[in-house]
Each structure stands twice: as C-alpha cells, then as structure tokens.
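Let's walk through this one together, starting with a loop and ending at the ligand. Keep the viewer open as you read.

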Amino acid sequence: MRLILLGPPGAGKGTQAKLLVERYGIVPLSTGDMLRAAVAAGTPVGLKAKDIMAGGGLVPDEVVVGIIADRILEPDAAQGFILDGFPRTVPQAEALDRLLKERGLKLDAVVELRVNESALLQRVEARVAQMEARGETVRIDDTPEVLSKRLAAYRAQTEPLVHYYSERRALLTIDGMMTIDEVTKEIERVLSAIVAAEKRAKAAPRKARELSKASKVAKTAAKAPVKADKAVKKQAAAAKTAPKKAAKKASKKPSKAAAKGAKKAASRNTAKKGGKKAVKKAAKVANKAARKAGSTAKKAAKKHAKSRSKTVKRLTKRR
Ligand code: ADP
C-alpha cells in the first residue's frame, strides 16, 4: 500500500499516519521528521533547511525530492509507505509521479484530511501543551505567528494538490473534524474499498479471458434467435404502420362537417379579398382616368399649339 496524507498543519496527519502504519505494516515517511533530524544532525541538508523551517516557509523542492527519492528505495519501503508532508507543491507531486513510474510503482490513494482553519490553532496549541507536559522539546515552528505562515504556505502551494490528485482520481477526502478514532475508521473504510477494488482489477484479466471465450460460444448460439427475432420485429412494425396508412387514406376524403367548415372559411376569405379587390380596382380606374386626363390635356395643348402656329403663319404671310 502506497499512500499520501494531505492536509494543513494540525489536520492530524502525523496521528493518522502512526495508526495506518500499524494497520498496514508500511513505513511512515515524514519529510518534516526527516528534515528535523537533518537539522539536529547538522547535515548539509539540515543547514539549508534550518532557517526556512523556523520561519514557516517551504524547503526547496530539489532538496525534499532528493531525500524522498533515496528513502523510498530502501528495503523497508518495499512493502509500501505512507507519505506525510510530501508532496507539498505541484512540482514535488510531478517529481513523485516520475519516481514511481521509473520504478514501476503505483500510488494507491491520496487521503486528504479536511479541517476548519479556525480549529487548527487550537489543535497546535494543544499539541504544544501535551509535548511540554511530557517533557519533550517543542517544535520551534509551533508558535501562533509561524503557524499562520505555515498555513499561508499550505494554502498557496499545497492546496492545489487537492485538484491535482482529484483530476487523477486518486483523492479520498475525509472529514478531519471528527474524533481521532472516527477519522481512523473512515480512512480504513475507504482504503479497504480500494484494496477490494484492486483485488477485483487483478482478477479481471483472467476473468476477461474466460468471459471472452464464453461470449464467443454464446454469440454463435445467439445468432439464430437474433435472425428469427428480426423477422418477428419486421412483422410487428408492419402491423403497427398499417392502421396509420389507413387513417391517412381516410383523411384524404373530407367529411361533410369538414366541407361546411371549409365553405365558411372560404366565404370569410372572399369577403376579405373582396375589400382588397375593390381598393385595387378603384386605384386602377383612378390611374386610367389620370392617364386619360393627362393625354387629353396633351392633345389639347398640341391642338392649341398647332392652331397658334397656323395663326402665326397666317399673320406672317399677311405681312
Ligand atoms: P506541518 O505540521 O506544518 O505539516 P511538517 O512537520 O510536515 O509540518 O513540516 C515542518 C516544516 O518542514 C515545514 O513547515 C517545511 O518548512 C518543512 N517541510 C516539510 N516537508 C516539506 C516539503 N515536502 N517541502 C518543503 N518543505 C517541507
């Protein structure tokens, strides 16, 4: 089983990781723990990470990817692992995808613990109090000021992974506001569903082979009834359309009532048309009259002009 736990600081990733490790016999890989160990040991990685971690920022991608790449190759991780605090950015998630692919490994699920932000400060304060009570050294980044920076880093850089993994159908979102026990039970419930689905998927190729053989036999056997069925269907279709055809034919001969209705409608139309016709006719007559009047006037004018010219001629002759 290979899992990722996703959620803001104080969501309960560390607590749930411990329980899941026992349940599935896998190794916990917490980049936060690894980096804290590197800081304590004063390794080159620790020296690089120290101040960044104290300020609530994120250690460079190449540093954490390098740590994880080495760690998942160790023999104890062969049975599976649970990543807590990694990946924290989209480039880290892409690097993890490449690492797993190169090694022929598959991620089983990404469990997102969703919590109300208002509850986170209280949870971290409670964690600090418990650690102090046990006499443990308190994390230097577990103060209200640094916590708000860690939260801001989560929102800006880590939350996009919710989308990243839901797009790849790997995301399982769990309500992290329930009690620790309830959250554990819920995670186990969704994970056992995944395990069952994976078992089914593994068995699927064998079943598919058996099924394809069986389906070939079934297909040959089924061909004859299919042909018969087609013929029956054709007949049934013909029987269905017959009444329709008859109805169409009958409708072509109009009934008396329909004839009456048609007459009425026709007379209404003629009345309307009649009105229009009269207007048209009047316009025609008027036009004709106008044309006639025009030509008469022209003729008269011509006549007048002719007689005038005659008179002029006559008069000029006399002179
Ligand atoms: P948290 O309780 O905030 O989830 P962690 O213990 O996982 O804290 O990590 C503590 C700090 O270690 C982070 O604030 C960050 O500075 C650094 N760190 C841990 N994991 C990563 C990572 N994958 N990428 C970058 N920085 C990391």
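Helices (H or I, at least four residues) and strands (E, at least two) are DSSP runs here, numbered from the N terminus. What you're looking at is a predicted model, where local features need pLDDT of at least 70, side-chain atom pairs count only at pLDDT 80 or more, and totals for chains, interfaces and linings use all residues. Residues are numbered from 1 along each chain as its sequence is written, and side-chain values use heavy atoms, with hydrogens and water left out.

Start at P8, which sits in the loop between β1 (2-6) and α1 (13-24). Is P8 buried or exposed? P8 counts as buried because its relative accessibility is 7%; buried means under 20% relative accessible area, exposed over 50%, and partly exposed in between (1.4 Å probe, protein chains only). Setting aside neighbours within four places in sequence, P8 is in contact (heavy atoms within 4.5 Å) with K13, L113, V115, L120, L151 and Y154. P8 and G85 are 77 residues apart along the chain, and their C-alpha atoms are separated by 9.1 Å.

Now over to α2, residues 31-41, whose buried residues are T31, G32, M34, L35 and A38. Why do they share one side of α2? They cover an arc of only 165° around the axis, so they end up on the same side of the helix; the arc is that of the directions from the helix axis to the C-beta atoms. As background, an α-helix has 3.6 residues a turn, so residues three or four places apart point the same way. The buried residues of α2 pack against β2 (27-30), α3 (44-55), α4 (61-71) and β3 (81-84). On the other side of α2, A40 and A41 are exposed. Just after α2, G42 takes a positive phi of about 70°.

As for polar side-chain atoms, one from T31 lies 2.8 Å from a nitrogen atom of the ligand. One from Q92 lies 3.0 Å from a ligand nitrogen atom, and one from R150 lies 3.0 Å from an oxygen atom of the ligand. Taken alone the ligand exposes 550 Å², and the protein buries 96% of that (Shrake-Rupley method, 1.4 Å probe).

Notes:
Polar contact = N/O pair within 3.5 Å; in protein donor to acceptor, adjacent residues only side chain to side chain.
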